[in-house]
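Let's take a friendly walk through a protein model together. Keep the viewer open as you read, and look up each part as it comes along.

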Amino acid sequence: MKKLLEITLGIVTSIGGFLEVGSLATSAQAGAAFGFQLIWAIVLGTVCLIFLVEMSGRLAAVSKQTLAGAMRDRFGYPFFLVPLVAMSVLALLVMASELGGLCLALQLVTGISFPWWAPVGAFAAWLLLWKGTFSVVEKGASLLGLVTIVFVIAAFKLHPDWGRAAHAALPSMPRHEPMRYWFIAVSILGASIAPYLLYFYSAGAVEDKWNESDVPVNRVSATLGMSFGGGLAIAVLIVAALVFVPRGIRIERFDQIALMLTSVMGRWGFFLFAAALGIACFGAMLEIALSVAYLVAQGFGWKWSEDARPRDAARFSLVYTVTLVGGALIVMLGVDPLAITLMSMALTGALLPIAIVPFLILMNDSRYVGKYGNGWISNAVVCAIVGLAFVLAVVSIPLEVMGS
Amino acid sequence: MEIALVRDLLDKQLVDRNGEPLGRVDGIVMSYRADAPPRITHVELGAQTLARRLPGPFRRTVAWLGRRLSPRASEPYRIEADRIVHLGRVVKIDIDGTRSAARETERWVRDHIIARIPGS
């Protein structure tokens, strides 16, 4: 019974963790520009994420080490700085886009314009981290995140052609605008395979004192949870395709995405969209701020714990505070939230190998995972998808930057 | 017990006798005399040690930054190797970390920044 509860919780957790502004924006863009055609990118990204999340839980359960700690331990300090710097910069950009999403949600509801919400949103997130415990953050964000199921309901209400949607789960070549197509594809991959989630998940597993007996539960909850998250992203894409394509709307600003549910659910759709966007972004902000703090504190061997009082883990608390402030400053500078979201997701694709290759080496090192090492299937699948994301990113990012 | 210095000691998590984290093994100090085998005397922690492990230009920048940020921590902190009581997933040291210089930066951040924010 307790195991069942844990699995359910794992699934719920992943909903909060998976559908955030990156998945939402990239899926909506994909649907509006290319109909169902890019569903395959969500499927590939989700499959890769399932494998990676399962691995980070297994690493924590068997080695009792977090992903960040094990990386410093195994590869040494100079090498560890490379993923540390890359992932911190990336996290700051993603933080800015999540905060941008939250600000937009608040603007939709109140009519007060958007950069002014940045300090408010960042402060609210900081307060929750300052006062709350890990389980409050994890479970609270996830339970509230259930509101994102509204996209699945909307998808069903639109009666899509499920046969065509299933067909699009297999990759196909673009019929028009090839550069745009590949750029959105890599943004979707980057949004799905969020590396910060891995640091968050493994720290949570160590803080909850997992051991070998948790390996099977971890496998089930990673699979079900991440599939559910992927399903939400597919629902967003389907709704966007059926709402925007017939009207010939191209998404160039964030607030256009907000109209997605209005044609399906009317005025309620508008508010549900704002709620889903705001809550999903808020949850992701908490996870990103903590992930950076975990990465830095574990890498340098400082005391880290979201359950401790801030003064008992001073440098750890300082890092998440600085991360939130940094994200707020970027938003207040007035960068275009949709542009920074798409770019940071594509950049994630380009930087994935830096985070994932050392991780795979760890997962094949018996000194860390004993007899629970990776099988060849998980190694091959992750290498193939991360390799694809990297190649697509390196080719399409320069072209996208030059084009705009 | 046979250990590989880089694999089993360098970069490992250090904990004090209460199991509280002290930092990581940032450097290893050895001494040798002409007529005896080399011996590990200390493990080192701190920004200056970390700076020395970087390639040239980064090394100077980080060392400078470290001196500017915490003048008192400009010397690396050393712990006698004799104090090591356990070598495994973590390296356990038989000292009380609460007042140890290894925690100087943590204490500084706590007293000067974190403790001044309400609710800490």
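## A helix and what follows it

In chain A, A:Gly35 has a positive phi of about 60°, and its place is just after H2(A). Keep in mind that this is a predicted model.

Now step back to the helix itself. H2 of chain A covers residues 21-34, which makes 14 residues. From first C-alpha to last, H2 of chain A reaches 19 Å, close to the 20 Å expected at 1.5 Å a residue. Is H2(A) mostly covered or mostly uncovered? Mostly covered: 14 of its 14 residues are buried.

## Nonpolar cores

The largest nonpolar core holds 162 residues. Those with the most contacts inside this core are A:Leu237, A:Val239, A:Met285, A:Ala289 and A:Ala293. Helix H14 of chain A (residues 262-300) gives the core its largest share, 22 residues. Another core, of 11 residues, lies apart from it, and its members include B:Leu45, B:Tyr77, B:Ile79 and B:Val90.

Leaving aside neighbours within four places in sequence, A:Val239 is in contact with A:Phe151, A:Ala154, A:Ala155, A:Leu158, A:Met260 and A:Val264.

## Chain B and its sheet

Chain B has 120 residues, of which 26% count as buried. Its secondary structure consists of 4 helices and 7 strands, and along the sequence they come in the pattern α-β-β-β-β-α-α-β-β-β-α.

Which strands make up the open sheet in chain B? There are 4, in the order S2-S1-S7-S6, with mixed pairing. S2 and S6 (84-87) of chain B are at the edges with a single partner strand each, so one side of each has no neighbour in the sheet. From one strand to the next, the twist averages 25°.

S1(B) and S2(B) are antiparallel partners, paired over 3 bridges. One residue pair to find is B:Gln13 with its bridge partner B:Arg24, which is in S2(B).

## Where the chains touch

How many residues of chain B are in contact with chain A? The count is 22, and they meet 21 residues of chain A. Strand S1 (13-15), strand S2 (21-24) and helix H4 (104-112) of chain B each supply at least two residues of the side that touches chain A. By class, this side of chain B has 9 nonpolar, 4 polar and 9 charged residues.

Terms used:
Residues are numbered from 1 along each chain as its sequence is written. Chains are lettered from A and ligands numbered from 1 in the order in which they are written. This is a predicted model: local features need pLDDT of at least 70, side-chain atom pairs count only at pLDDT 80 or more; totals for chains, interfaces and linings use all residues. A residue is buried if 20 or more other C-beta atoms lie within 10 Å of its own, exposed if 12 or fewer, and partly exposed in between; C-beta atoms are placed from the backbone. The expected span of a helix is 1.5 Å times one less than its number of residues. A nonpolar core is a set of buried Ala, Val, Leu, Ile, Met, Phe, Trp, Tyr and Cys residues joined through C-beta atoms within 7 Å. Two residues are in contact if their C-beta atoms, placed from the backbone, lie within 7 Å. Ala, Val, Leu, Ile, Met, Phe, Trp, Tyr, Cys and Pro count as nonpolar, Asp, Glu, Lys and Arg as charged, and the others, Gly among them, as polar. Two strands pair if DSSP finds at least two bridges between them. Axes are lines fitted to C-alpha atoms, for helices over the stretch in contact, and angles run from 0 to 180 degrees between N-to-C directions.
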